[in-house]
Amino acid sequence: MNAPSQPVQFAPMPDEQGFFGPYGGQLVPPHLKQAMDDIAVAYAQITQRQDFQDELAQLFADYVGRPSPIFHAKRLSGLLGGAHIHLKREDLNHTGAHKINHCLGEALLAKFMGKKKVIAETGAGQHGVALATACALVGIPCEIHMGQVDIEKEHPNVTKMRILGCKLVPVTRGAATLKEAVDSAFDEYLTNPTDYIYAIGSVVGPHPFPMMVRDFQSIVGREAREQFLAKHGKLPDYVTACVGGGSNAMGMFTAFLNDASVQLVGVEPGGEGIDQPGRHAATMTMGKPGALHGMKCYVLEDADGAPAAVHSIASGLDYPGVGPQHSYLKDLGRVRYETANDQETLHAFMQLSRVEGIIPALESAHAVAWAMRVAPTLPKDANILVNLSGRGDKDADYVAHKLGL
Ligand SMILES: *Cc1c(COP(=O)(O)O)cnc(C)c1O
């Protein structure tokens, strides 16, 4: 491997104002800035308390089922004839994805702050289910905004949210997907930021959310690094994860940032082709620095400078922005961002299902698709660790219909 030999050392990020280099910050009106600062202060307090750390660790173990295992996909690797592919099984978590990790943290924080309602948006419904689950557990009211298009596509998750007792708000404005759901949920939050808390579903939004969500998710990479070292006596050559807002990727990458020998690769949704505006969501590959939802970050914009229409076969990835830390890591060259299109992703979804008996979420299948693309080009002793961010039960009907199964 031609990896750089210099150890990389990153200063702790973000800075006091919530900046990751030029990205992040708090692009919000003054009264909201106060609410965000209050959250940052409460977060700093709660993380220093041993009782909070103990409660979260106990819930990770007994409720989520952590640590999630790493599975060596031997048959898939053998078939591809190159590097070994290993999967960090976040799909085995309670509720079936990585999102429960930060939702538990956010729900506990909301309780600590005495908030009366937790508000959020959801795309694929995964954040909604995870948050409704965490709120049921902690005992706090929860309101989820979801695009009408996604409601129709993700019916099982919609049903689960209703069963879990949250209030579901359908959003019909615009393209009626994730971006509009964010706008709608934010409007409701603005009516009373003192009593409500907005539980952002990824490493996006104003400070302190990109930091908080990353910290809660960083358990994934800490476990994975230790597990991989214990099993193989060395670190993987590549660590990869899909990137929507970027929470599962940041959760995985954080533990490896200072390991110069480990190449980090984020995989964005190439949709129907990155040369087709509006038909992909490859924010960092095709976008440019801008501002969205209270932060500076890479943004996909249309001709008028508004956030562009986006598409991905995976609802959880169709977002025209991306986390500020990812934006900075791209500029620093520490993380490389690649794309996988809908077609390759569907192929990876089917291959992993049929060769390993693991049905991945379509989001996660983007990272699997990238690993499958490069594995044959790498030596047989190379290792690729893929964050399998979630399971594909929610996508099974959609894929079967699409492929005529
Ligand atoms: C929501 C979701 C994603 C995308 O969100 P990130 O914040 O980019 O991780 C990826 N995988 C699964 C399974 C999801 O539910």
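Guide: Ser77 counts as buried because its relative accessibility is 4%, and buried means under 20% relative accessible area with a 1.4 Å probe and protein chains only. This is a predicted model, where local features need pLDDT of at least 70 and side-chain atom pairs count only at pLDDT 80 or more, while totals for chains, interfaces and linings use all residues. Residues are numbered from 1 along each chain as its sequence is written, and side-chain values use heavy atoms, with hydrogens and water left out.

Ser77 sits in helix α3, residues 74–80 (a helix is a DSSP run of H or I, at least four residues, numbered from the N terminus). Its side chain reaches the backbone nitrogen of Ile85 at 2.9 Å. Another buried residue is Thr283, at 1% relative accessibility, in helix α12, residues 283–286. A polar atom of the Thr283 side chain lies 3.2 Å from the backbone oxygen of Tyr319.

Now for the part you asked about. The largest pocket has a volume of about 500 Å³. (A pocket is an open set of points on a 1 Å grid with protein on both sides within 12 Å along at least five of seven lines, and lining residues have an atom within 4 Å of a point; the volume is the space filled by probe spheres set on the points.) Among its 39 lining residues, Glu121, Leu178, Gly201, Ser202 and Gly245 are the closest to its centre. Two or more lining residues come from each of β5 (117–122), α5 (126–138), α8 (178–190) and α11 (247–253) (a strand such as β5 is a run of E, at least two residues). Helix α8 gives the most, with three residues.

Sorted by class, the lining holds 17 nonpolar, 19 polar and three charged residues; Asp, Glu, Lys and Arg count as charged, and Gly is among the polar ones. The pocket lies between two domains, because domain 1 (19–61 + 99–213) and domain 2 (68–96 + 219–403) both give residues to its lining. Those bounds come from an automatic or database domain assignment.

To finish, look at helix α9, residues 209–217. It is mostly covered, with eight of its nine residues buried, including Phe209, Pro210, Arg214 and Phe216.

Technical notes. On a 1 Å grid over the protein atoms alone, a cavity is a set of points where a 1.4 Å probe fits but cannot get out, and a pocket is an open set with protein on both sides within 12 Å along at least five of seven lines; lining residues have an atom within 4 Å of a point. Buried means under 20% relative accessible area, exposed over 50%, partly exposed in between (1.4 Å probe, protein chains only). A polar contact is a pair of N or O atoms within 3.5 Å; within protein, one must be able to donate a hydrogen and the other to accept it, and residues adjacent in sequence count only if both atoms are side-chain atoms.
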